[in-house]
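Here is my note on the model. Please read it with the structure open.

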Amino acid sequence: MTLTDEQIRLIKDSIPKVREHLKPASTDFYETLFSIDPGLRPMFREDLAGQGMKFFSTLNTIAFLLDDPESLDNELNGLAASHSALGVRREHFEPMGSALMITMGETLGPDFTPELRDAWRAAFAEIRDRMVVLADA
């Protein structure tokens with residue numbers, strides 16, 4: 001894991017505030033994602049509110065496993081397999097990362113400091129790279 005202890009702490013500390021705004025954030029995430037790349041819409045179920053809740057629940061789980069590489073890999077193994085089965089490829093992660101950063105910025109407002117943004121970007125890149133490797137394994 002290339003994240004620093006401070007970055008992991010920042011991410012974990014941001015989760016409760018994200019959770020406070022979970023319902024609008026989960027819907028906003030997918031609206032933003034599909035505005036960035038409308039071609040991704042068919043990969044997702046119709047119930048975007050439910051899909052968003054699932055996404056942010058998984059994000060919460062991953063955030064709290066960032067300092068436990070073995071448990072994180074176990075979580076990412078299943079996630080990588082399910083994403084691969086849906087046809088998710090490496091290039092699909094770029095618009096997801098952009099949508100996540102936009103949604104986090106809108107959800108956290110001024111609490112989304114440059115340091116927190118950088119921590120989330122680093123975490124997303126790390127998770128993306130691990131999932132791509134696991135999906136190819």
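1. Basis. This is a predicted model: local features need pLDDT of at least 70, side-chain atom pairs count only at pLDDT 80 or more, and totals for chains, interfaces and linings use all residues. Residues are numbered from 1 along each chain as its sequence is written, and side-chain values use heavy atoms, with hydrogens and water left out.

2. Helix α2. Helices are DSSP runs (H or I, at least four residues), numbered from the N terminus. α2 has 15 residues and reaches 21 Å from first C-alpha to last. That is close to the expected 21 Å (1.5 Å times one less than the number of residues). Its buried residues (under 20% relative accessible area, 1.4 Å probe, protein chains only) include F29, Y30 and L33. Their cover includes α1 (5-20), α3 and α5 (93-108).

3. Aromatic pairs. Rings of Phe, Tyr and Trp (its six-membered ring) pair if their centres lie within 6.5 Å; planes over 60 degrees apart count as edge-to-face. There are nine such pairs. Y30 and F44 pair edge-to-face, at 5.2 Å and 65 degrees. Y30 lies in α2 and F44 in the loop between α2 and α3, so the pair ties together parts 14 residues apart in sequence. Y30 is buried at 1%; F44 is buried at 16%.

4. Core. The largest nonpolar core has 42 residues (buried Ala, Val, Leu, Ile, Met, Phe, Trp, Tyr and Cys joined through side-chain atoms within 4.5 Å). F29, L33, L66, L100 and W120 touch the most other members. α6 gives the most, with eight residues.

Note on methods:
Rings of Phe, Tyr and Trp (its six-membered ring) pair if their centres lie within 6.5 Å; planes under 30 degrees apart count as stacked, over 60 as edge-to-face and the rest as tilted. Helices (H or I, at least four residues) and strands (E, at least two) are DSSP runs, numbered from the N terminus. Buried means under 20% relative accessible area, exposed over 50%, partly exposed in between (1.4 Å probe, protein chains only). Contact means heavy atoms within 4.5 Å.
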